[in-house]
Amino acid sequence: MVCDMTIRTFVRSGLLLAAFSLLSACWTSEEPLVAPEDGADIGISGTYVNLSDPEEAPTTFTSMGDGTYTMTDDEGDTRSTFLSMGDDWYVAQYEVGGFDDEGGESFIIYQPVHVLEDSIELYDAACDQTIEPVYGLELSETSCDLSSIGALKYLARHYIKEVESGEHEDERAIWTPLDGE
């Protein structure tokens, strides 16, 4: 998956060049667009496994109580904030690298998320180069570069509409709670 949150593995292992190549066609921003106080409680906690990729390490979701979550796997932690888009749809904002005591560079990526009763669907949303440009959305050859929350919502609504009409099924990763959680 191009923009999957497993990109943090490359960042932590020092393979920044590989990480940036994986960011091609992603939704990105230089600064976080979703403030913690605007973060939604997605109603999940515990350890989840990726049914779409059994080789991927389980990830533990922990609400920090301030509108953010920490997602922990065998590579470390990633801070995330979820923007509600209605009808159990969210946009995850991942702050990758640089938010803990280690400091360093960080970057922000976004991913559509559909929270269902018994699973979470994470979508590897590519940048639709044909989408109508709006303020705060710059289309480059490699990504949708966002600089406003309005542009993020616009892009997310467009993508969710396409998913609900049957598109992008091949871009979906299905995560379920680890047995016993």
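Let's start at Ser 119, which sits in the loop between β7 (107-115) and β8. When I say strand or helix, I'm using DSSP runs numbered from the N terminus, with helices being H or I of at least four residues and strands being E of at least two. Keep in mind that this is a predicted model, where local features need pLDDT of at least 70 and side-chain atom pairs count only at pLDDT 80 or more, while totals for chains, interfaces and linings use all residues. Residues are numbered from 1 along each chain as its sequence is written, and side-chain values use heavy atoms, with hydrogens and water left out.

Back to Ser 119: buried or exposed? Ser 119 is buried, because its relative accessibility is 8%, and the cut-offs are under 20% relative accessible area for buried, over 50% for exposed, and partly exposed in between, with a 1.4 Å probe and protein chains only. Leaving aside residues up to four places away in sequence, Ser 119 touches His 114, Ile 174, Trp 175 and Thr 176. A contact here means heavy atoms within 4.5 Å.

Okay, on to the salt bridges. How many does a search of the whole structure find? Two, taking a salt bridge as a side-chain nitrogen of Lys or Arg within 4 Å of a carboxyl oxygen of Asp or Glu. One pairs Glu 121 with Arg 172, and their closest N and O atoms are 3.3 Å apart. That pair ties together distant parts of the chain, with Glu 121 in strand β8 and Arg 172 in strand β11 (residues 172-177), 51 residues apart. Glu 121 is buried at 9% relative accessibility, and Arg 172 is partly exposed at 25%. Then Glu 169 and Arg 172 also meet through their side chains, at 3.7 Å, N to O. Glu 169 is exposed, with a relative accessible area of 56%.

Next, the disulfide, for anyone planning to look at the cysteines. There's one in the structure, and it joins Cys 127 to Cys 144, S to S 1.8 Å. The cut-off for calling a disulfide is a pair of cysteine sulfur atoms within 2.5 Å. This pair also links distant parts of the chain: Cys 127 is in the loop between β8 (120-123) and β9 (137-139), and Cys 144 is in strand β10 (residues 143-146), 17 residues apart. The torsion about the S-S bond is about 80°, so this disulfide is right-handed. Both ends are tucked away: Cys 127 is buried at 8%, and Cys 144 is buried at 0%.

Now helix α3, residues 149-164. It has 16 residues and reaches 22 Å from first C-alpha to last, close to the 22 Å expected at 1.5 Å a residue; the expected span is 1.5 Å times one less than the number of residues. Which residues of α3 are buried? Ala 151, Leu 152, Leu 155, Ala 156, Tyr 159, Ile 160, Glu 162 and Val 163. They cover an arc of only 160° around the axis, so they're on the same side of α3. That arc is taken from the directions from the helix axis to the C-beta atoms. As a reminder, an α-helix has 3.6 residues a turn, so residues three or four places apart point the same way. On the other side of α3, Lys 161 and Glu 164 are exposed. After α3 comes Gly 166, with a positive phi near 105°.

Speaking of phi, most residues other than glycine have a negative one. Asp 87 is exposed at 68%, while Asp 88 is partly exposed at 45%.

Last stop, Gln 93 in strand β6 (residues 89-96). Gln 93 is buried, with a relative accessible area of 1%. What does the side chain of Gln 93 reach? The backbone nitrogen of Val 34, at 2.8 Å. Beyond residues up to four places away in sequence, the contacts of Gln 93 include Pro 32, Arg 79, Thr 81 and Tyr 110.

Notes:
Polar contact = N/O pair within 3.5 Å; in protein donor to acceptor, adjacent residues only side chain to side chain.
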